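Welcome! Keep the sequence and the 3D view open as you go.

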Amino acid sequence: MAGQAILSARGLTRDFRGFRAVDGVDLDVAPETVHALVGPNGAGKTTLFNLLTGFLPASGGRIELDGRDITGLPPERVARLGVARSFQITSLFPQLSAREHVQLALQSPSGLGWRFWRSATLMRRYRDRADELLAMVDLAELAEAPAEALAYGRKRALELAIALALDPKVLLLDEPTAGMGLEDVDRTVGLIAAVRKGRTVVMVEHNMSVVGRLADTVTVLQAGKVLVEGPYEQVRADERVITAYLGAADAAH
Ligand SMILES: Nc1ncnc2c1ncn2[C@@H]1O[C@H](COP(=O)(O)OP(=O)(O)OP(=O)(O)O)[C@@H](O)[C@H]1O
């Protein structure tokens, strides 16, 4: 495996009843970079994410975190070893406040699943750290607000704070700007630019302007395989990438 990669995959493969959604992917994510996974619909981005975080077992291949083989480990173990994933809004509890969500995440050893037995002492102990994380994602003023009262973009920011509670080495963001208007997209780009400091970020993102503004390296997937990889400007201008996207657009019509 590449010496300085923090997260890497070799020959990673996933079959769904005979259909190969991820097909022999090699990936090297360098430490403290933002690495974007892009590609047309159905290219295998989400499946690859699920493999890297242990949410799906691989059909073949190997995954390493900091040189350690993490292939086949369950998501809680992968999370505890330092790979955190930003969850979708469905995992928020409508009536719990933003701060309580982050406090709960801070007292959970894996950041996954929620402990319903909430120790008042622990919750108090984590209050300051929770407020720091909320401030980091621009939610300081909404710390007491119940999750259900937060606008869509703010809910996504709360998910980011929850993922950061684990103090991950690698933060995986699944379409962080999906469904957002321009203003929230800009704000989210700013947040990611702030939280990436000292961390490694892997993100699936459809919005190419967001990719261009944040990513150091872009991996383009097509039909489960790596089509092209490199810096954004280089990838964007690559004929194979243009053809893949045009082909996908044609197929959609
Ligand atoms: N659980 C599953 N069972 C069967 N096929 C699946 C399953 N999950 C994904 N697939 C198939 O694998 C392929 C890759 O899907 P995946 O969701 O990883 O693509 P994607 O690049 O994330 O697409 P999108 O941009 O639309 O989210 C698709 O053809 C999809 O239909």
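**Exercise 1.** Which residues in α3 and α5 meet?

*Solution.* Before we start, note that this is a predicted model, where local features need pLDDT of at least 70, side-chain atom pairs count only at pLDDT 80 or more, and totals for chains, interfaces and linings use all residues. Residues are numbered from 1 along each chain as its sequence is written.

Step 1: find the elements. Helices (H or I, at least four residues) and strands (E, at least two) are DSSP runs, numbered from the N terminus. Helix α3 covers residues 98-107, and helix α5 covers residues 127-136.

Step 2: list the contacts. Two residues are in contact if their C-beta atoms, placed from the backbone, lie within 7 Å. From α3 come A98, R99, V102, Q103 and L106, and they meet R127, R129, A130, D131, L133 and L134 in α5.

Step 3: sort the residues by class. Ala, Val, Leu, Ile, Met, Phe, Trp, Tyr, Cys and Pro count as nonpolar, Asp, Glu, Lys and Arg as charged, and the others, Gly among them, as polar. The contact of α3 with α5 then has 6 nonpolar, 1 polar and 4 charged residues.

Step 4: describe the packing. Axes are lines fitted to C-alpha atoms, for helices over the stretch in contact, and angles run from 0 to 180 degrees between N-to-C directions. The angle between α3 and α5 is about 115 degrees, and their axes are 9 Å apart. The crossing is right-handed (left-handed if the near helix is turned anticlockwise from the far one by less than a right angle, right-handed if clockwise).

**Exercise 2.** Which residues of α3 are buried?

*Solution.* Step 1: recall the cut-offs. A residue is buried if 20 or more other C-beta atoms lie within 10 Å of its own, exposed if 12 or fewer, and partly exposed in between, with C-beta atoms placed from the backbone.

Step 1: apply them. A98, R99, H101, V102, Q103, L104, A105 and L106 are the buried residues of α3.

Step 2: draw the conclusion. Helix α3 is largely enclosed by the rest of the structure, because 8 of its 10 residues are buried. For the protein chain, buried residues make up 41% of the 253 residues.

**Exercise 3.** At what angle do the axes of α3 and α6 cross?

*Solution.* Step 1: read off the geometry. The two axes cross at roughly 25 degrees and come within 8 Å.

Step 1: name the arrangement. This makes α3 roughly parallel to α6 (angles under 35 degrees count as roughly parallel, over 145 as roughly antiparallel, 65 to 115 as roughly perpendicular and the rest as oblique). The crossing of α3 and α6 is right-handed.

Step 2: find the partners. A98, H101, V102 and A105 of α3 make the contact with L158, A161 and I162 of α6. By class, this contact has 6 nonpolar, 1 polar and no charged residues.

**Exercise 4.** How far apart are the axes of α6 and α7?

*Solution.* Step 1: locate the helices. α6 spans residues 152-164 and α7 spans residues 182-195.

Step 1: list the contact. G153, R156, A157, L160 and L164 of α6 face D184, R187, T188, L191 and V195 of α7 in this contact. It has 5 nonpolar, 2 polar and 3 charged residues.

**Exercise 5.** Which residues are around the ligand?

*Solution.* Step 1: set the rule. A residue is near a molecule or strand if its C-beta atom, placed from the backbone, lies within 6 Å of it.

Step 1: list the shell. F16, F19, A21, G39, N41, G42, A43, G44, K45, T46 and T47 are the residues around the ligand. The elements that give two or more residues to this shell are β2 (19-29) and α1 (45-52).

Step 2: compare and classify. α1 gives the most, with 3 residues. The shell divides into 4 nonpolar, 6 polar and 1 charged.
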